[in-house]
Amino acid sequence: MKFFGDSDICKTNDMTKEKREHVYKVFLHNPNIHFLVTNFEKCYFDYEFLKRMKFDMVIVDEFHKIRNYISAKRSKRFFDLINLWKPAYRLP
């Protein structure tokens with residue numbers, strides 16, 4: 001919000017899953033969206049929508065909460081998305 005102002009940022013942390021799905025549909029059809037700021041838990045819950053998207057940059061909040069990334073289902077889905085997107089920049 002510091003760099004873009006309130007009008008150009010959409011925060012999904014307090015949205016229901018249905019509202020987040022609507023936002024992802026809008027983003028999917030917008031060629032100007034190139035980056036995602038999320039946490040790995042949203043990647044788990046919104047996996048089906050996020051796997052259809054492509055990002056050049058992914059910034060992950062609360063990255064320190066990832067535990068046992070080899071076998072944990074939530075962490076696995078997050079890393080599956082990272083491998084699918086292949087972003088040029090990955091910032092935990």
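Let's start with Lys86, in the loop between H4 and strand S3 (89–91). Helices here are DSSP runs of H or I with at least four residues, strands are runs of E with at least two, and both are numbered from the N terminus. This is a predicted model, where local features need pLDDT of at least 70, side-chain atom pairs count only at pLDDT 80 or more, and totals for chains, interfaces and linings use all residues. Residues are numbered from 1 along each chain as its sequence is written, and side-chain values use heavy atoms, leaving out hydrogens and water.

Back to Lys86. Its phi is near 50 degrees, a positive value in a residue other than glycine. Most residues other than glycine have a negative phi. Lys86 is exposed, at 59% relative accessibility. The cut-offs: buried is under 20% relative accessible area, exposed is over 50%, and partly exposed is in between, with a 1.4 Å probe and protein chains only.

Now the rings. How many aromatic pairs does a search of the whole structure find? Three. Rings of Phe, Tyr and Trp (its six-membered ring) pair if their centres lie within 6.5 Å; planes under 30 degrees apart are stacked, over 60 edge-to-face, the rest tilted.

One of them is Phe55 with Trp85, edge-to-face, at 5.0 Å centre to centre and 90 degrees between the planes. Phe55 sits in the loop between helix H3 (47–50) and strand S2 (57–61), and Trp85 in helix H4 (residues 73–85), so the pair ties together parts 30 residues apart in sequence. Phe55 is buried at 2%. Trp85 is buried at 0%.

Next, Phe78 and Phe79. Their ring centres are 5.0 Å apart and their planes at 75 degrees, so this pair is edge-to-face. Phe78 is buried at 2%, while Phe79 is partly exposed at 27%.
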